Every structure is written in C-alpha cells, then in structure tokens.
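Please look over the sequence and the model below.

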Protein chains: 2
Amino acid sequence: MNLKQLSQMLGLSQTTVSRALNGYPEVNRETRERVLKAVRETGYRPNKAAQRLATGKAGSIGLVMPTSPGNSSDVHFSEFLTGLGEEALRHDFHFVLTPADPNDEVGALRRLAASGNVDALFVNYMRGHDPRLEMLKTLSIPFLVHGRSIGSEPDYPFLDLDNEAAFYDATKLLLQLGHRRFALLNGPIYLDFAIRRKNGMEAALAERGLTLDEACTSHTPMTDEQGLFAMERILQMEKEKRPTAVLCSSTVLALGAVRAVNQAGLKLGEDISLIAHDDVLTLLKPESFTVPLTTTRSSLRAAGVRIAERLIGEIKHTETFPSQELWKAELIVRASTGVAPAD
Amino acid sequence: MNLKQLSQMLGLSQTTVSRALNGYPEVNRETRERVLKAVRETGYRPNKAAQRLATGKAGSIGLVMPTSPGNSSDVHFSEFLTGLGEEALRHDFHFVLTPADPNDEVGALRRLAASGNVDALFVNYMRGHDPRLEMLKTLSIPFLVHGRSIGSEPDYPFLDLDNEAAFYDATKLLLQLGHRRFALLNGPIYLDFAIRRKNGMEAALAERGLTLDEACTSHTPMTDEQGLFAMERILQMEKEKRPTAVLCSSTVLALGAVRAVNQAGLKLGEDISLIAHDDVLTLLKPESFTVPLTTTRSSLRAAGVRIAERLIGEIKHTETFPSQELWKAELIVRASTGVAPAD
DNA sequence: AGAGGTAGCCAAAGCGCTTTGAGGAATGGG
DNA sequence: CCCATTCCTCAAAGCGCTTTGGCTACCTCT
C-alpha cells in the first residue's frame, strides 16, 4: 500500500493525501478525517526511504558504536544508550548504529553522514585533540559531542561533566580527612575525561604542596578486573609509603579495587578511603557495596536523555539550547571515606 | 556530490558509473578504474535513501530496543548488541534501533518494518506464546528470533540456548553432591528462558522424587539488588528447611545473592552451593568472585555474532543456514559448589 | 456587477539512485 | 562486403514521497 494507491482509493490526489497526513492547513477537515480513517483501515505507512529522499529529513540520529572484534562491551556505553533511547522514543526517532573499528572512527562517521541516513551525529569517548572534531565541523549536519576534547578549540556543541571539579572536590574532601598519600585508578589517559579528572586531582593536591605519585596512578580500561590488578599492585607497597586514599574513575573499577582491599584484609573507610565516580549504572549501586561507597555522582543516562533532547530539538528546529553545557557532579559521602589512619 | 554530477564530471552516463560502482561485468576495466579513482578523489558516497528506494535493500537490520522511561538498562542486552555489531561491521551493515515501550513491541516492530528502513528484523526477550511471532510471519521481510516461545508453533527461525538442558544438568550436579533442598532465582516468569530453566530444574528434581518449593523460587528482573533481596528472604528460613543449593539465572542475580550469603556469615560452597548461568558478561566474570562461581556458560555475545551472520546471509541471499539452532551451555565447575552440609 | 480574497484541491516536478531496453562501435566469419 | 556477435555505453523510466505553482469555485466587499 503506497500513497498512490491510497489516494486513488480515496479519489483524491497524492498531494492532498500527503498534506492531510502531515498536518498542513489547506485541507478540509472532512477530507482530512476521511484520509486518516483510510490510513487506519489500510494500515498504510509512508515509506521512510522515500520520505527521506524527498525531504532530506530522516528522523534518525546516527552514532558510531565503539565496537570491534575482541573489544569489550561497555556498560557505560549502554547506560548512556538507554538514556538516548528513552528520549528518542518520545519523538518517534530512531538511531542508526554503525559499528566501527576504533581505529577508523573518523571514517565510520563520515560514511554515516554521507549515507544520507541520519539527520544528526553524536560522538562520545572524546580524546585529547580529537580528530573527529575537525571532520564534524566540515559536515553540514548538526552534531553534538558528549564530553570535550582538551587541546581543541572549544567551538563545538557539547555536553560534558565538569570532571575537573568533581575530582578536585573529591580530593579536597580526602585532604580534609587528613590523607596525604593518594592513588588514582583512572580510565585510559588518551580519553579527555581521564585527563581532566587527573588534572582536577592534581590541582587540589598542589594546593597543599602535594603531588600525585606516578607509581600510584593507573590508566586502564574501566573493568573490574583492571581495578583489582591496579589495587593489588598498590597494596603491595610498604605500608609507610602506601596510599591511604584512592580515587576511582568508575564504580566498575571500584568493584575490583574493593575486592583487592578485602583480600588484603584491610578495612575500607578505615585503612583505605575510596571515592569513586558514579555514573549511576543500573547494575552497580555504590550504596549496595558491603561498605557503601562515597562517590561523585552524575547520571550517564540523564546525559543521554539530554543529548537526545538537544539533538532532536535541533533537527526539528523547534528549540534552541545552550550549545555548551557543563554539568556538576554531586559529591555524596558514604562509609568508604574516613579519617586518615595514624602512621 | 551526487551521481549526476560525478558522471558529468567523468563524461559518462549515470548508468555506466552506477554499474562501475556496483561491480557489474559490462563495464570496461579502464572505465571502471577511472570511476573508482574519481570516487576516491571526490569522496562521493551514494545516497542510501535513494539506493534504498531504488533497490528495496537497505543494508540494515532493525531491532527494537526494549527501553522505556523508568525501565532499567540491561547488561545482557548490550552484551548481545556488541556481538551483533561485531559481525555487522564486517559486512558494512548497520542497525536501526527503535526504542519502544515494552507494552507496544508489536506496534514498534510493525512500524519498523513498514518504514522501509530495514531489510530484516530481529527480536529477543521472547515470551511464552509471544504475540510478535504471528505478526512477524505476516511480514515479507526475513526475521530471526533469539530464544523461542513456548506455547507457539515452532515454525519460525530461531537461535536458542538449550535452557532446559543447562538447568537440568546443573541441578543434576547438585543432586549428586547430596543436596536435597533447592532454590531458584530466576528471571521474570513470562520470559521463555525462565520458563524453560525452571522446567529443566524441575525435571531433574522429579527424577529423585523432589519438587521445587514455591517459597524458594523467585522471578524478578535480573539485577543484583533483586538477587540480594531474594536470597535474604530465603536465608531467613529455619536452618532445617532452608535450601542448601541455589540456581541463579544470571551472574548478575548471583552478585546480589552472594552478598546476602556473606552478610549472613555463611560460606559459599560449604553452607550454600550456588550455580549461576553465565552469559559471559564482560563486567561480571564468575571466576573473579571471591569464591569463584560454578556456572552454565554460553556467550551472549557469540550468539549476537551468529545471529547477525545468519540475518545478513539471508539478506544477501548468499548463504543458507539451518533455520533453527539450539546451543548447549557448558557446565563449568568452580568453588561455589560443594558437598551438601550434614543437617 | 466586478474586483479581490480565500479555501480546497490538483498536476507535475524533483529527490538520487538502479535497471530496462536499445543502440553504436568494433570484431570476426562466411 | 555484409551480417552476426560481442562489448560497452546511454537515455529514460521508475522507486514513493513532498512541494511548487497553479486552478476552480465560492465569498466578501464596494
């Protein structure tokens, strides 16, 4: 069933039927109702490809799925995706997901844009000096980035968490509790958020004349396994040199780190204080750790909702948003942080 | 840059250029190379919407994302998605993800198919007597289901895990270890896999004249929280009646369950034996639990790869696959299972 | 009554691609 | 030398939709 058949059936022109369906004013009320009734009865659905070809709008936003053989699936990514989906549902939008080799993200993005299948692009997992930015600016479709790219001109639309402030505040808290030796379990250092979190932490330390020991810093994929390894390594240091305060870039890393602490027979919140960044993952609630975790919290999913909202608004030209948003994380104190142990 | 411009640039007709690009034999080798060179230089990419309109093929497979406001993101789903993506990447396919209210999955599926945006459909989270099946059969595009639907005619293409056998075997193992009182922490009972796992477990018990106590059975969303609650409830029973063996439908449930066991001061593998089904989630490795978990294992991600492979093969008409596949889970014994404690 | 609007509808062009049906040029055979 | 054959190329139709630019009939106003 297509427009032609439908309009013949109704004894109307394609034009009129099309207008009736798309809410144009120059259609008689009765006619419109007749059309809508026929649509309901026949189950007619406009062909999206044709619609897209004619209008240039696709009702879809494109994103590159950072996946490659051997690469692990990422809870953070799917939490975010859930948020995107939640908002897209409200506007009858869908996503076009292009899986891409991480080494060819620029290419994948370009192909996606050129395919004419999407109205807007979204990118995340920003790196320092991210090469995708330059490419995106040359494109004619709107885009939005989640995160920022340190080292690039900040002239692109983004939504980011104030990672620097989050880790600055967290460090500050630990300093107030008397801690002097710190460790950081971070994400891969080429990622922008990891760089900024480290910066934030170092800034707070510097205020007290302290520095972050490289030996106590790890930059790894954010899995529980890596968290375990990194923490084990740190706990092997002599007690006098060993950090008493640890910052984790994800509750996932913290999951492993806490296990290491337990296995070493140490008490979280007494021997070792830990603050993790909490993306509000469904699976991993900091409050349901055996010792509830102090966290810097910002929901990834909420970010997804917001990003979809902005992107769709831009496509529909209905709303304008501040082009650059910086969210603050909440610092939530629970039992995993305590006064520094006496040496 | 479109076909018309490109062909004018080359002094060729659109036909010839199109044929050159799509590998038709009736194009001179030199001509073809000239065309390909121009494509490389200009960065020309065919418009997918137009291609789709002309050919009827879209190079994409559609899936409904089970998401709604307030609904939680699901690690199992994203693990699977990763597998799909991995395979799709190899064939330059992409996905169209339609987020849908779980109450309107049939509608979402129909819209997706009618939109003309996808070549094939994929569905999962099958229920008993699943209404989507009937709808899918009326559609003209191929589809594949992950899982099965108990109570429906088994005349549709599927890939499923032999859930019955997996839980039958697991139960059998526990019986051999002397356990007589069992509990089951299962997924929502309307889901097909949950029904079958329960059946498998009950079949093994029945062979010894045992039955599964309803009070020791829970059907919940598969989150760690639910696992914790369910297990806490079970551990409140009097010691003489309390189950000594527990089956979990997911390592995620097990995560909570194990926490409950620990909090009760019981020893896993001694006081309580536990077997979980392991979907090989990146985040949750059964071997890195404090007491490594005995599991029935089957990679969700591998299933994703296989499903994409079959779907894409069907679209391209290149390969035919057995239309129905039943995978076996591996039973892997670790430390969480032990001889039943003497009463 | 005639000018000027307006409401409601339509025919046709166009979006960028593939594919059909046909034609021109070169080659070979009788 | 002519016709058949092969190789390459082309013009044009068509995919299903939106949108432009009329057109007609009916009002309203003076």
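What volume does the largest cavity have? The largest cavity has a volume of about 430 Å³, where a cavity is a set of points on a 1 Å grid over the protein atoms alone at which a 1.4 Å probe fits but cannot get out, and the volume is the space filled by probe spheres set on the points, joined across faces, edges and corners. Its lining (residues with an atom within 4 Å of a point) has 26 residues, of which A:H146, A:F193, A:R197, A:D279 and A:L300 are closest to the centre. Domain 2 (60–161 + 302–327) and domain 3 (163–299) of chain A each give at least three residues to this lining; the bounds come from an automatic or database domain assignment.

This is a predicted model, in which local features need pLDDT of at least 70 and side-chain atom pairs pLDDT 80 or more, while totals for chains, interfaces and linings use all residues. Residues are numbered from 1 along each chain as written, chains are lettered from A and ligands numbered from 1 in written order, and side-chain values use heavy atoms, without hydrogens and water.

Around DNA strand C there are 27 residues (a heavy atom within 4 Å), and A:T15, B:L3, B:S18, B:R19 and B:Y24 come nearest.

Methods:
1 Å grid on protein atoms, 1.4 Å probe; cavity = no way out; pocket = protein on both sides within 12 Å on 5 of 7 lines; lining within 4 Å.
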